[in-house]
Every structure is written in C-alpha cells, then in structure tokens.
Amino acid sequence: GLDDQAKSLAKFIAEKPEFKKSNIAMIAPRIAVFTNVIDAVRAKKDAIVVQYETGRFDVADAIKQSRQAGADVVVFMGSGDDALAFMREAEKVNWFPAMLVPGGAIGVSVFDAPIGFDRKVFFSFATTPEDHTAEGRNEFRAFQAKYKLPSALITAQISAYVGAKMLIEALKRAGKDVSREKLIQVLEELHQYPTGLTQPITYGPNRRIGATGAYIVTIDLKE
C-alpha cells in the first residue's frame, strides 16, 4: 500500500549514500492520502513541501521553490502527467534532480522524460513482475480486455483487482450466512494466499496488511 511505499522511499533516501547530504523537496497535490508519505520522509530527513490543488499545478513555481531551497532530490506525488511536465520544465533550466515517486500514480508517460533524468527517476512499487505468475498475468489481462481498462496506472489497477479478488475469496469461504464478523474471521485466517500478482497474502488478528514492504526500481531512458 501507499504507507509501505512511503516508508520504503524514506528508507531509500536515508540509506542511499549519495542522498545523505541532499536537500529534499516534496511536491504533492493537496490531498490527505499523501500525508503519510510526507510524514514518513520528514521523519527521516528535513524537507520543504510544495503543495498544489489538483488540476492546477504551477510547474514553474514548484521548480522555483525547489531550486531556491537547494533541492537535489524531489519526492513527487502528483500524476504521471504532472511529473512529466515537471521534468520537461526542469530540463529547460538544465536542472536534473533525482526524482522519487510512489509508483501507484505513474503511467507510461514517464518514459517520455528528458534524457537528462536517465537513471535518476526512482519508483516504489508494492509489486514487481517477479511476483506475477503466468496464470495471474493471463487472468488480469483477460479482465483488462473484458472491461476495456486503460493502459495507464497499471499498479493501481492491480492493487484494486487483487483487493476485489481477496474479497470474493473471503465471501466464498464465509458461505451463505455471511456477516461482518464472519467475513473478518475468514480474512484473518488467510495465510500465504496466492494472488498471482503480488507476494502471497497473509492476514491475522493483529495483521491487517496482507503483504508488507515495497520495491524501489529505476528506469533506463536510453533503452
């Protein structure tokens, strides 16, 4: 989930040698869901925060504030289109900070980033292709085709798909006389349940996150 991605990004910043002396700017829409990301990073390292209203991203102002703060690492939490606009505007002033992005909001547009950001864009993902089984991929692709889902925001789609799959499995196990208490009990009994798209899921009375942790990956824009 986003909490784990936030913690992984914060840990990545804190532990990566070249970031230890870096100045950090955090850029995000003014949405409550990003509070955990901001808090997780700030708990590890001081950072300036630039927030904006969704759909009203002032790219030039965000870059101006970030550069004035001497930022060389940007944690960007907006959409893929906003991230791309930010990097293209940054290229105009010959500024190429490292970009750290929670992967759930990013689409394929990020691969159009200026070449100056080659290997400088890092994503956190709750799942990677190594977690996918052939059966899981085929089922998900069939689901995408059936409901004509867009090609963007695949990570968010997988998260929602796996959540729905888990709920259906729990309802099947709960049987006809399902109740809220029965559903919770069934979910708490799930152990190493294979979704085909994530790490195996385990819940319990004191564990309400099925799969913890996140991966940090980067992209090669020259390929």
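Predicted model: local features only at pLDDT ≥ 70, side-chain atom pairs only at ≥ 80, totals over all residues.

Colleague: How many helices and strands are in the chain?

Modeller: Helices (H or I, at least four residues) and strands (E, at least two) are DSSP runs, numbered from the N terminus. The chain has seven helices and six strands. Their order from the N terminus is α-β-α-β-α-β-α-β-β-α-α-α-β.

Colleague: What percentage of the residues in the chain is buried?

Modeller: Buried means under 20% relative accessible area, exposed over 50%, and partly exposed in between (1.4 Å probe, protein chains only). Of the 223 residues in the chain, 43% are buried.

Colleague: Which residues of helix α2 are buried?

Modeller: In α2 (residues 35-44), the buried residues are V37, I38, A40 and V41. They lie on the same side of α2, because they cover an arc of only 165° around the axis. The arc is that of the directions from the helix axis to the C-beta atoms.

Colleague: How is the packing of two helices described?

Modeller: One gives the angle between their axes and the distance between the axes. Axes are lines fitted to C-alpha atoms, for helices over the stretch in contact, and angles run from 0 to 180 degrees between N-to-C directions. Here α3 (residues 59-68) and α4 (residues 80-92) pack at about 65°, with axes 9 Å apart.

Colleague: Which residues of α3 and α4 meet?

Modeller: From α3, V59, A62 and I63 meet A85, F86, E89 and A90 of α4. This contact (heavy atoms within 4.5 Å) comprises six nonpolar residues, no polar ones and one charged. In this division, Ala, Val, Leu, Ile, Met, Phe, Trp, Tyr, Cys and Pro count as nonpolar, Asp, Glu, Lys and Arg as charged, and the others, Gly among them, as polar.

Colleague: What span should helix α5 have?

Modeller: The expected span of a helix is 1.5 Å times one less than its number of residues. For the 13 residues of α5 (residues 134-146) this gives 18 Å, and the end C-alpha atoms are 18 Å apart, which agrees.

Colleague: Which residues of α5 are buried, and which are exposed on the other side?

Modeller: G136, F140 and Q144 are buried. They cover an arc of only 70° around the axis, so they are on the same side of α5. E135, R141, A145 and K146 are exposed on the other side. E139, also in α5, counts as partly exposed at 32% relative accessibility. Apart from neighbours within four places in sequence, E139 is in contact with Y161 and K165.

Colleague: Is T195 buried or exposed?

Modeller: T195 is buried, with a relative accessible area of 2%. T195 belongs to the loop between α7 (180-188) and β6 (215-218). Its contacts, leaving aside neighbours within four places in sequence, are V162, K165, M166 and I201.

Technical notes
Residues numbered from 1 in each chain as written. Heavy atoms only, no water.
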